[in-house]
Amino acid sequence: KMNKQIIAAVGGEDNIQSVVHCATRLRFVLKDESKADDAAAARIPGVLQVVKKAGQYQLVIGSTVEDVYNDLVKMINIEMTIIISLRLKKRKIFSTL
């Protein structure tokens with residue numbers, strides 16, 4: 001149920017360009033951030049905070065973020081998301097060298 005609410009709050013599956021996670025956050029790149037509903041995202045049980053930073057729409061989940069992410073990617077078409085995420089990571093590595 002939580003992931004259905006997350007998908008709706010970020011503007012639907014079609015609005016998700018990519019999603020990755022770190023130790024505590026789901027990090028989305030959205031096609032149109034104006035379609036996201038910050039208030040709805042903040043009300044989702046398990047979402048501790050909504051953060052917009054560095055072109056990302058971040059949902060702070062806490063230590064269960066990996067489980068939430070794994071369930072989320074099963075629900076959406078993740079193939080393109082993974083490719084995009086890998087390209088973004090590669091760019092960050094080269095930009096820091």
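## Basis of the description

Because the model is predicted, local features need pLDDT of at least 70 and side-chain atom pairs count only at pLDDT 80 or more, whereas totals for chains, interfaces and linings use all residues. Residues are numbered from 1 along each chain as its sequence is written, and side-chain values use heavy atoms, with hydrogens and water left out.

Four strands form an open sheet in the order E1-E2-E4-E3, with antiparallel pairing; strands (E, at least two residues) and helices (H or I, at least four) are DSSP runs numbered from the N terminus, and two strands pair if DSSP finds at least two bridges between them. The edge strands are E1 and E3 (49-53), each of which pairs on one side only. From one strand to the next, the twist averages 20°.

E1 and E2 run antiparallel and are joined by five bridges, and Ile16 stands opposite Leu30 in E2. Helix H3 packs on the sheet, where it touches E1 and E2, and its direction makes about 150° with that of E1; axes here are lines fitted to C-alpha atoms, for helices over the stretch in contact, and angles run from 0 to 180 degrees between N-to-C directions.

## The largest nonpolar core

A nonpolar core is a set of buried Ala, Val, Leu, Ile, Met, Phe, Trp, Tyr and Cys residues joined through side-chain atoms within 4.5 Å. The largest one has 22 residues, of which Val19, Leu26, Phe28, Tyr57 and Leu59 touch the most other members. Two or more residues come from each of helix H1 (2-9), strand E1 (16-21), strand E2 (25-30), strand E4 (56-60) and helix H3 (65-75), and H3 gives the most, with five residues.

Not counting residues up to four places away in sequence, Leu59 touches Ile6, Thr24, Arg25, Leu26, Phe28, Ala41, Val47, Gln49 and Val50, contact meaning heavy atoms within 4.5 Å.

Ser18 lies in strand E1 and is buried, with a relative accessible area of 2%; buried means under 20%, exposed over 50% and partly exposed in between (1.4 Å probe, protein chains only). The C-alpha atoms of Ser18 and Leu30, which are 12 residues apart along the chain, are separated by 7.0 Å.

His21 also lies in strand E1, but it counts as partly exposed because its relative accessibility is 31%. Leaving aside neighbours within four places in sequence, His21 is in contact with Leu26, Val65, Glu66 and Tyr69. His21 and Val65 are 44 residues apart in sequence and 7.1 Å apart in space, C-alpha to C-alpha.
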